[in-house]
Amino acid sequence: MATYNVHAGHCPQGKGASGACGYLKESVEDRLVKDALIAKLRAAGHTVYDCTDDSNCTASQNLKNIVTKCNTHSVDLDISIHLNAGGGTGVETLIYNEKTKAIATKISQEISSALGIINRGVKTRTGLYVLRHTNAPALLVECCFVDSQNDYNKWNVEKCAEAIYRGITGQSSTDVKEEGWQKNDTGWWYQHSDGSYTTNGWEKINGNWYYFDGNGYMYEEGWHQIGGVWYHIDKWGAMHTKWQYIDNGWYYMDESGAMLSGWQLIDSNWYYLNENHDGDFGKMLTGWQSINGNWFYLKSDGSMANHEWYKDENENWFWLKDGGYMAHDEIVWIGDRAFAFLSDGHMGRTDENGALY
């Protein structure tokens, strides 16, 4: 979706520097076109700012007021709506440079076709205040001549606004569809207001991420490998993040939704998530685990025992050193005492003869 500034030129009819008058009154008709165009753009989901100046002021102040309003916003295009005067006939679109020539050409073509009036084409006007001083690319549409009987006879606000809309967006406002979730016998998809839908990719909708296949259908509940990464989708189709209890085990997905494996520091604790692709890949492990030739003890909540004692069901004591490594075949000073740990890691005791067992 795009962002636009739209304004009608001049002051309101009968106030200050109001526009040209003839068979038509410029300051009346340009505001009608402006309102209709803004409504169409907003209905299609575009962001539109109305920068029309309705104050009672001089021509120079009116122009400054319009430019000030326009430059308050960061937009893709500034569109100024006017009606022409001076004895001619037809539509023309004025530009400052080549940046807006293509879209200006389309607007003139569309208005000419819609109203059945002459297409006077696109003209470069570097001296026009609004075109020179707006931050965004700008164009000025002279929809028709107020003093032309021919143009007056063919004038239609709705057709003119629709023609400008088509020139800007490349589509008819009647092509706009209701945005939202759609379902058929195959599955769910999300339709945008222009009728398009995401395929082979992620889309964030109402704060949740969804993945859509090559035909635009939403991935449903379960594990899905996308781009070599595993993701888990909930029963509503939304991507899971953080800890999730799935199929009798705990798994962790980072903020991007990617399932993690191996050692992971989460909320200041270390966890080991299964790296074995032949088993429960990614599942949080607990209890004694041999990892890369070293033994570690993972508590019932999955967090790694670190620089602390562990006593098993047989009343054997074990020491988990800094980094979680199990002490074995060594003597370790803990506090102000030395303890001996046997090859299986349990703390040795001495018999009446002083022998470790």
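**Repeats, hairpins and a buried helix residue**

In residues 285–304, 0% of the span is helix and 50% is strand, and the end C-alpha atoms lie 10 Å apart. Helices (H or I, at least four residues) and strands (E, at least two) are DSSP runs, numbered from the N terminus. The model is predicted, so local features need pLDDT of at least 70 and side-chain atom pairs count only at pLDDT 80 or more, while totals for chains, interfaces and linings use all residues. Residues are numbered from 1 along each chain as its sequence is written, and side-chain values use heavy atoms, with hydrogens and water left out.

UniProt positions are given in the numbering used here, feature names are shortened, and annotations may be inferred rather than shown by experiment. Residues 240–259 are 0% helix and 50% strand. The end C-alpha atoms of this span lie 9 Å apart.

Two loop residues carry a positive phi. N206 sits in the loop between strand 9 (201–205) and strand 10 (208–212). Its phi is near 50 degrees, although N206 is not a glycine. N206 is exposed, at 74% relative accessibility. Exposed means over 50% relative accessible area, buried under 20%, and partly exposed in between (1.4 Å probe, protein chains only). D247 lies in the loop between strand 13 (242–246) and strand 14 (249–253). D247, also not a glycine, has a positive phi of about 50 degrees. The relative accessible area of D247 is 62%, so D247 counts as exposed.

Strand 21 (residues 330–334) and strand 22 (residues 337–341) run antiparallel and are joined by five bridges. Two strands pair if DSSP finds at least two bridges between them. I334 has R337 of strand 22 as its bridge partner. Two residues lie between the strands, and G335 takes a positive phi near 65 degrees.

The unreviewed UniProt entry also places "domain: MurNAc-LAA" at residues 67–169. The chain there is 42% helix and 26% strand. The end C-alpha atoms of these residues are 23 Å apart.

I164 belongs to helix 6 (residues 157–169). This residue is buried, with a relative accessible area of 0%. Beyond its neighbours within four places in sequence, I164 is in contact (heavy atoms within 4.5 Å) with V33, L37, I81, I107, I111, V141 and C143. I79 is 85 residues away from I164 along the chain, and their C-alpha atoms are separated by 9.6 Å.
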